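I opened this structure for the first time today. My notes below follow the order in which I looked things up.

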Amino acid sequence: MSPTAPPTIFLSIASYLDPMLFFTLNDAVAKATRPELISLGVVDQHIEDQRGAIAALPFARQVRYVHLHPQDTLGVSWARSTAFSLYDGEAFLLQVDSHTLFEPGWDEQLRKLHAQLRERSAKPIVSTYPYRFDMVDGVPQYTPSEGRTALVLRPHPEKNLAPDDAVLRFMARHLFTTEPVMGCHISAGFLFAAGSFVEEVPYDPYLYFHGEEQSLAVRAFTRGWDIFHPLTTPVYHLYKTEGTPYESHHWHGEADAKRAFQSAYLTERAKQRLNRLLMGDGLPGAYGLGSARTMAQYRELSGIDYANQTISDPFGGQLC
């Protein structure tokens, strides 16, 4: 970014049948210190075209809106790839989910943190799983982080690697620290970086759901980007109840049976693609590994050895 360029932010949001989409859009702009520097790229996977409601927003000129019928969509990675196509050279990228709450001044907080991290890395990424918020009688409620720990993203012990399956689950674990912690994994629901990330690490539209974040993290790392888990996050996530079926899950509902590619096929295709990326030829091309760093270097940082299907703890038991 040029020192004289305005610190614009491209806010990338892919929404699937989400009643919280307009809450998220309004909250992002209302809570920004400099709302005029925010551009919003929205991929709205909804039965109804909502561009009329978008046009009625006071900041409508800052929204780039694409409507897609749920029957025509191919999953979250594909939708986020489409959202990335709405990027137009902004200085920064922020990707969040369509059910996100923002703290006042979130934009300045993230710009300041990024500037501090530039002293440690040429290409920093700020990412972790956001803390939750809840809607209580229609009012959002959240508890701000105390800023004494970073949420470090580590492989979940219930899901191991296998020779034919590179997909992992990740969980957030606390690390007491006084500064952001370098990590190995990205949260797709909160990712802040220089806008050039969109062009250097384009979303793989052939992935589906599982493995999306692994692909981003490894491809970014091998292209010279560094992932940092912050002490505080100025965004909060409305989490769903685990194990509960929702119509707003892409693989549920009548639309799945009508698609050209159904969820079972897309899941298996994504699994094979991730296997090839992490345990095969590295997927040459834009959606493959970079050349700035190697998978051996990623193993040293993360403790995740995809080649030999083993996982170790580089933090030596410091996480809680």
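**Entry 1: the model.** I am working with a predicted model.

**Entry 2: the sheet.** I looked up how the strands line up. I found an open sheet of 4 strands, in the order E5-E14-E7-E8, with mixed pairing. Which strands stand at the edges? They are E5 (100-102) and E8 (139-142). Each has a single partner strand, so one side of each is left without a neighbour in the sheet.

Entry 3: I went on to E5 and its link to strand E14 (residues 235-237). The two run antiparallel and are joined by 3 bridges. Thr100 has His237 of E14 as its bridge partner. Next I noted helix H1 (residues 21-31), which packs on the sheet. H1 touches E5, strand E7 (131-136) and E8, and its direction makes about 15° with that of E5.

**Entry 4: the largest core.** I counted 32 residues in the largest nonpolar core. Leu11, Leu25, Leu40, Leu94, Phe102 and Trp106 touch the most other members. Several elements give two or more residues to this core, including strand E1 (9-16), strand E4 (92-97) and helix H4 (106-117). Which element gives the largest share? It is H1, with 5 residues.

**Entry 5: Leu94.** I left aside its neighbours within four places in sequence. Among the residues in contact with Leu94 are then Ile9, Leu11, Phe102, Trp106, Leu110 and Phe192.

**Entry 6: another core.** I found a second, separate core of 31 residues. Phe10, Tyr87, Ala188 and Ala193 are among its members.

How values were computed. Residues numbered from 1 in each chain as written. Predicted model: local features only at pLDDT ≥ 70, side-chain atom pairs only at ≥ 80, totals over all residues. Heavy atoms only, no water. Pairing = 2+ DSSP bridges. Contact = heavy atoms within 4.5 Å. Axes fitted to C-alpha atoms, helices over the stretch in contact; angles between N-to-C directions. Core = buried A, V, L, I, M, F, W, Y, C linked by side-chain atoms within 4.5 Å. Buried < 20%, exposed > 50% of the residue type's maximum accessible area, 1.4 Å probe, protein only.
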